[in-house]
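Please look through these points with the model open.

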Amino acid sequence: MLQNWKGDDGIIIQHHDSQTEQIDYQFLQETDLFDGIPKEGIRQILNCSSGFFKEYKKGQVVFQEDEKPEYLFILMEGKLLVTKNYFSGRRMIFFEIHKKEIFGILISHKEGENYWYDATAVADSLVLAIPWKFLFQICPTACEYHMNLIKNMVSVQADTCVSQMKKLHILSGTSIEAKAAFLMFELADEKGELDFKMNREELADFLGVTRPSLSRSLMKLQKEGYIEIYKSKARILDYEGLERICYK
């Protein structure tokens, strides 16, 4: 069964039992970590690893930068922000975590290593946690499921590195308008339409600028005919002009 109790931090913890059918195995099969692994294999992995589920209320912290990394996580429900908070009170948002996404992976796991960033729920969330020690060793039976899991983890790590390279490219803009333009090119679909998926304050923290400065820059780009903004969505109107903004 999934047995519930409250941990010391008041967070609901659900431990997995092999007899339960309450776990959404199809959902897990659709995640990159369990890609190609059948239901029985996922059940076996959760049992062998002592994986468990935790519920987090909005505003609760999944982990903080001074904690030792012990788990790899998958977001089952909700939304998280991965951030860095500085002594001045300034916050930098690295990225958002959405359903089915894996996080807590960019850690070197050396002795004495701590997280360098925080992960916080910005909506009520459910997280699957798998101990890192399970991922760094092979079962005595060296089952194909475990081998497949490790292969998937390497692929996820590669994808995460590419994602971070894209953010570095966005932040390489020499002005706020350039950073916003790079971001819009990254998010836009084939019709030039995009959804920021962040409120204005979160978007400013993601780009490392102040909210008023970002709002002025977006309004300037819209006034000059490069883009059209409506609420959290936008549309690119002048591709060539916006590209010139990127490299000014």
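1. Cysteine 246 counts as buried, at 4% relative accessibility, where buried means under 20% relative accessible area, exposed over 50% and partly exposed in between, with a 1.4 Å probe and protein chains only. Cysteine 48 is partly exposed, at 45%. The structure holds 0 disulfides, a disulfide being a pair of cysteine sulfur atoms within 2.5 Å.

2. On provenance: this is a predicted model, in which local features need pLDDT of at least 70 and side-chain atom pairs count only at pLDDT 80 or more, while totals for chains, interfaces and linings use all residues. Residues are numbered from 1 along each chain as its sequence is written, and side-chain values use heavy atoms, with hydrogens and water left out.

3. The chain has 8 helices and 13 strands; these are DSSP runs numbered from the N terminus, helices being H or I of at least four residues and strands E of at least two. Of its 248 residues, 45% count as buried. Among contacts (heavy atoms within 4.5 Å) between residues at least 6 apart in sequence, 64% join residues at least 24 apart.

4. Helix α6 is largely enclosed by the rest of the structure, because 6 of its 8 residues are buried. Those buried are Glu202, Leu203, Ala204, Asp205, Phe206 and Leu207. Their cover includes β6 (80-85), β7, α4, α5 and α7 (211-223).

5. Aspartate 205 sits in α6 (residues 200-207) and is buried, with a relative accessible area of 13%. Leaving aside residues up to four places away in sequence, aspartate 205 touches Arg91, Met92 and Ile93.

6. The largest pocket holds about 850 Å³ of space. Among its 32 lining residues, Phe95, Glu96, Glu101, Ser163 and Gln164 are the closest to its centre. A pocket here is an open set of points on a 1 Å grid over the protein atoms alone, where a 1.4 Å probe fits, with protein on both sides within 12 Å along at least five of seven lines; lining residues have an atom within 4 Å of a point.

7. Which elements give two or more residues to the lining of the largest pocket? They are β7 (91-97), β8 (102-103), α4 (144-171), α5 (176-187) and α6. The largest share, 9 residues, comes from α4. By class, the lining has 17 nonpolar, 5 polar and 10 charged residues; Asp, Glu, Lys and Arg count as charged, Ala, Val, Leu, Ile, Met, Phe, Trp, Tyr, Cys and Pro as nonpolar, and the others, Gly among them, as polar.

Conventions:
Grid points are joined across faces, edges and corners, and a volume is the space filled by probe spheres set on the points.
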